[in-house]
Amino acid sequence: MKITMILRPRDKRKIDIDNRIKAVLDSLQDAGVFDDDFQVDHIEMIRGEQIKGGLIRVLIEELPDPRQTEGESL
């Protein structure tokens, strides 16, 4: 699966967006969204505009099974 996260910070403090990725993946797993974060093959993190209270928007997409893709070679 592919996960895209848009981080909208609550203020102008400097933050490392890579530190947020693991917390979000663990939370999604704990919530039962997927069995294991091992299933994630593509992660994208985007820093968005500041918003009061802050938030992280998460988009989850299913990727095609590469074993079923015809006509492609590695």
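The structure described here is a predicted model.

## Fold and overall dimensions

One helix and three strands make up the secondary structure of the protein. Their order from the N terminus is β-α-β-β. The protein is more spread out than a compact globule, because its radius of gyration of 15 Å is well over the 11 Å that the globule rule gives for 74 residues. The C-alpha trace spans about 50 × 25 × 15 Å along the principal axes.

Among contacts in the protein with a separation of 6 or more, 77% join residues 24 or more positions apart.

## Surface and burial

The accessible surface of the protein is about 6100 Å². Carbon and sulfur atoms account for 48% of this surface. Of the 74 residues, 18% count as buried.

## The largest nonpolar core

Eleven residues form the largest nonpolar core: Met-1, Ile-3, Met-5, Leu-7, Ile-21, Val-24, Leu-25, Leu-28, Phe-34, Val-40 and Met-45. The most is given by α1, with four residues.

Leu-7 is one of the core residues. Leaving out residues up to four places away in sequence, Leu-7 touches Ile-15, Ile-17, Arg-20, Met-45, Ile-46, Arg-47, Gly-48, Leu-55 and Ile-56. Met-45, included in that set of contacts, also belongs to the core.

## Ile-56 in strand β3

Ile-56 lies in strand β3, which covers residues 55-61. Its relative accessibility is 30%, so Ile-56 counts as partly exposed. A residue counts as buried under 20% and as exposed over 50%, and a nonpolar core is a set of buried residues.

Beyond its neighbours within four places in sequence, Ile-56 is in contact with Met-5, Ile-6, Leu-7, Arg-20 and Val-24. Of these contacts, Met-5, Leu-7 and Val-24 are members of the largest nonpolar core. Arg-20 is in contact with Ile-56 and is also touched by Leu-7. The C-alpha atoms of Ile-56 and Arg-13 are separated by 16 Å, and the two residues are 43 residues apart along the chain.

Notes
Residues numbered from 1 in each chain as written. Predicted model: local features only at pLDDT ≥ 70, side-chain atom pairs only at ≥ 80, totals over all residues. Heavy atoms only, no water. Helix = DSSP H or I, 4+ residues; strand = E, 2+ residues; numbered from the N terminus. Buried < 20%, exposed > 50% of the residue type's maximum accessible area, 1.4 Å probe, protein only. Contact = heavy atoms within 4.5 Å. Core = buried A, V, L, I, M, F, W, Y, C linked by side-chain atoms within 4.5 Å. Rg over C-alpha atoms; globule rule 2.2 N^0.38 Å. Areas by Shrake-Rupley, 256 points an atom, 1.4 Å probe, with all protein chains shown as cover.
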